[in-house]
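Biologist: Please take me through the strands and side chains of this model, with the cut-offs stated.

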Amino acid sequence: MKRPVTVLAGAAVVGVIAISSASTAPRATATPEATPRLAGPPPTIVQYGYVRLLVRAGSRYRLRFDPALFLSGETANRAAVEDGAIPPGDIVPNDYYVRNETKKQLTYAVLPGARVTVVTNSGASGLRSTRISVSELAAIVTGRNPKKRRLYGNLGYWARVAGDRVVALDQQYQP
């Protein structure tokens with residue numbers, strides 16, 4: 001009979017020590033990424049897709065975004081075979097495959113100060129990521145190129161979304 005009491009008493013002592021050291025230990029400042037969330041979506045999500053429309057709407061911009069899946073590795077190979085893009089046993093070129101099952105678009109707000117990067121070809125130094133303004137991207141999407149940048153292809157973007165607002169758009173290089 002003494003054994004269960006001893007185990008219980010030992011567990012109680014360990015519990016008291018754990019509680020007492022937790023209350024006296026220095027506390028780290030929690031960052032949004034480190035703070036556990038019990039319910040609800042993450043504070044930001046990242047989606048790959050295509051910018052179909054970007055227009056000024058009052059103090060912000062309205063973005064029409066066509067989400068797609070940017071896949072790599074074995075996931076890309078299997079998806080490409082399933083979609084009939086490559087025959088079974090083949091591999092996707094450049095180790096990526098974009099699956100865009102629908103052309104349905106999402107509408108997001110974009111603040112004028114959001115971060116935007118595009119892939120440009122600067123000639124001698126080659127391809128690079130270039131930061132531009134939201135207003136310049138809006139012009140580019142409509143077919144204008146106000147700063148005469150040497151843009152690289154019609155590429156997709158990674159959109160960092162907080163709620164219903166895009167806080168960053170980064171163009172994805174694709175060989």
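Modeller: Two notes on sources come before the questions. This is a predicted model, in which local features need pLDDT of at least 70, side-chain atom pairs count only at pLDDT 80 or more, and totals for chains, interfaces and linings use all residues. Residues are numbered from 1 along each chain as its sequence is written, and side-chain values use heavy atoms, with hydrogens and water left out.

Biologist: How many bridges pair strand β1 with strand β2?

Modeller: Strands are DSSP runs of E with at least two residues, numbered from the N terminus, and two strands pair if DSSP finds at least two bridges between them. Here β1 covers residues 45-57 and β2 covers residues 60-72. V51 has F65 in β2 as its bridge partner. The two strands are antiparallel, and the number of bridges is nine.

Biologist: Which residue takes a positive phi in the hairpin of β1 and β2?

Modeller: The hairpin has two residues between the strands. The positive phi, near 75 degrees, belongs to G58.

Biologist: Which residue in β4 stands opposite R62?

Modeller: Strand β4 (residues 106-121) runs antiparallel to β2, with five bridges joining them. Opposite R62 stands A109.

Biologist: Which residue stands opposite L69 in β3?

Modeller: β2 also pairs with β3 in the antiparallel sense, over four bridges. Strand β3 spans residues 96-99. The residue opposite L69 is R99.

Biologist: Is R99 buried or exposed?

Modeller: Buried means under 20% relative accessible area, exposed over 50%, and partly exposed in between, with a 1.4 Å probe and protein chains only. R99 has 15% relative accessibility, so it counts as buried.

Biologist: Are the planes of Y48 and Y50 stacked or edge-to-face?

Modeller: Rings of Phe, Tyr and Trp (its six-membered ring) pair if their centres lie within 6.5 Å; planes under 30 degrees apart are stacked, over 60 edge-to-face and the rest tilted. By this rule there are six aromatic pairs. The ring centres of Y48 and Y50 are 5.8 Å apart with planes at 75 degrees, so this pair is edge-to-face.

Biologist: Which residues do ring pairs link into a cluster?

Modeller: Y48 is buried at a relative accessible area of 2%, and Y50 is buried at 14%. The cluster linked by ring pairs consists of Y48, Y50, F70, Y96 and W158.
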